[in-house]
Amino acid sequence: MNHSSNKYILLVLAAALLSACSITKKYERPTTLKTDQLYRDQASADSTTIANMPWQSVFKDEKLNALIQKGLDQNLNLKNAIENIVQARASLRQSKLAYYPTLNLDANATHNKQSEAGLNFPAGININTLTTTYKLGLSTSWEADIWGKLSSSKRAALATYLATDAAKQAVQTQLIADIANNYFLLLAYDKQLVITQETLESRIKNVETIKALKEGAIVTGAAVVQSEANQHAAEVLIPDLKQSIRETENTLNILLGQAPGPIERGTLENQSIPENLALGLPSQLLQNRPDVRQAEFNFRNAFETTNMAKTYFYPSLTLTASGGFSNLELKDFFTNSVFYSIIGGLTQPIFNQGLNKMRLTTAQSQQLQAYNNFQQSLLTAGQEVSNALYAYQMAVEKQESREKQIESLVKAVDFTQQLLEYSSATNYTDVLTSEQNLLAAQLSGINDNLQKLQAVVDLYRALGGGWK
């Protein structure tokens, strides 16, 4: 009978162990992800991508590179992201320790007084109701990972750790892009300020010219007033540009993790960009984009959490043991005082108010949400690549037309000024219009160049560059 029972128990345990592999599943990247059409109107079979270029090679300006390095060293958001990695690493180590048994030391002295009436002994029997017990022992407990609950917990913690590492990389790529974009914006404001100041100087001289022409009865007093208004129109632009310069410098200082102050910088004319803006394959975003990788690791974490939720429906095997010394007399503490116990327990949930079922339902729902977020991050990455590349292409197109526009407007200003001075075939309104159009075109030309530079920065970040 006993032998048959033992065989039956062994068969049950063997069957349970063989079925354990079907309880928890091994993670595999979903095959439903579609990456071949992430780049709009861009079919490339070349895996070369600027995302693999270090940021020191993408940006040629040494002063910009110095600012980026300072930002990587001092930015407070990046430091917090690193601390998140420290916390996740500690959680990962903690999950690994779950494989090992716990060990506790227990040392105590118990002073106990019992009630003589409560003991209900016959009269005449002398019982010592006051005792002191001294105890020193060790206790240990270990849970067997039969169904893979501990393994899934460790893999979930690993996924969390990798997600925090990817999040730090995403912060780094965004930080590099923010520093570069604000640096180029600052250079654009500098250039616009220079052009505006030069225009103002020209218009001040123009006012004197118009006054002289009025004295010669070539123009009227209205032309003088218009020329002065044209001068003030240039003057009023300068305070706004100076304010924008100051605010952009302050923004850069925040990114650098330092107090507000001037920013050492170069000039807009000396900026260069990579000649070949290679995109690579859309599928490379799965490895190059830190936020996409973070989303996948979050999905893996939810996947393993679902695995753990399934294991709660099955029995858990726990082994506990304790032992040590216990005695009523401290002087004879180690004499005939040894005690120990070993317990093996198999706990099978029967009724827990639907807790296990609700836990699994919640985990499965959260896994589906994590998968949707993973897909969304990949689609967003493709959108950002498409937008940045198109912005670059449109900026290049605008620059070509803008150069021709500025060239024509420069000639128009010269011609109208000469006609005003030597002929009655024009009036100052024509001069005023051509000068205003020229300044607007020059400022817009700077914005075109800025758009091109920032589009390259955005494309580099969208492809996942800056963290390797």
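User: Hi! Leaving aside its neighbours within four places in sequence, which residues is Ser434 in contact with?

Analyst: Hello! This is a predicted model, and in it Ser434 is in contact with Ala412, Val413 and Thr416, once neighbours within four places in sequence are set aside.

User: Where does Ser434 sit?

Analyst: Ser434 has its place in helix 12.

User: And is Ser434 buried or exposed?

Analyst: Buried: its relative accessibility is 6%, and the cut-off for buried is under 20%.

User: Okay, on to the cores. How many residues are in the largest nonpolar core?

Analyst: That core has 67 residues. Phe59, Ile179, Phe184 and Leu459 are the ones with the most contacts inside it.

User: Which helices supply at least two residues each?

Analyst: Here they are: helix 2 (55-58), helix 3 (62-74), helix 6 (149-215), helix 8 (237-255), helix 9 (285-288), helix 10 (290-311), helix 11 (355-422) and helix 12 (428-462). Helix 6 gives the largest share of this core, with 14 residues.

User: What about another core, apart from that one?

Analyst: Another core lies apart from it and has five residues, including Ile85, Leu92, Ala157 and Tyr161.

User: Nice. Switching to the surface: which residues form the nonpolar patch there?

Analyst: Four leucines do: Leu103, Leu105, Leu136 and Leu138. Together they have about 400 Å² of accessible area. Strand 1 (102-113) and strand 2 (130-144) are the elements that give two or more residues to the patch.

User: Why does Leu136 count as partly exposed?

Analyst: Because its relative accessible area is 31%, and partly exposed runs between the 20% limit for buried and the 50% limit for exposed. Leu136 lies in strand 2, and Ala107 stands opposite it.

User: How many bridges join strand 1 to strand 2, and which way do they run?

Analyst: Twelve bridges join them, and the two strands run antiparallel.

User: And how many join strand 2 to strand 3?

Analyst: Eleven bridges link strand 2 with strand 3 (residues 316-327), again in an antiparallel arrangement. One place to look is Tyr134, which stands opposite Asn327 in strand 3.

User: Great, I'll go and look at those in the viewer. Thanks!

Terms used: Residues numbered from 1 in each chain as written. Predicted model: local features only at pLDDT ≥ 70, side-chain atom pairs only at ≥ 80, totals over all residues. Heavy atoms only, no water. Patch = residues over 30% accessible without salt bridge, like charges linked within 9 Å, V, L, I, M, F, W, Y side chains within 5 Å. Areas by Shrake-Rupley, 256 points an atom, 1.4 Å probe, with all protein chains shown as cover. Salt bridge = Lys/Arg side-chain N within 4 Å of Asp/Glu carboxyl O. Helix = DSSP H or I, 4+ residues; strand = E, 2+ residues; numbered from the N terminus. Buried < 20%, exposed > 50% of the residue type's maximum accessible area, 1.4 Å probe, protein only. Pairing = 2+ DSSP bridges. Core = buried A, V, L, I, M, F, W, Y, C linked by side-chain atoms within 4.5 Å. Contact = heavy atoms within 4.5 Å.
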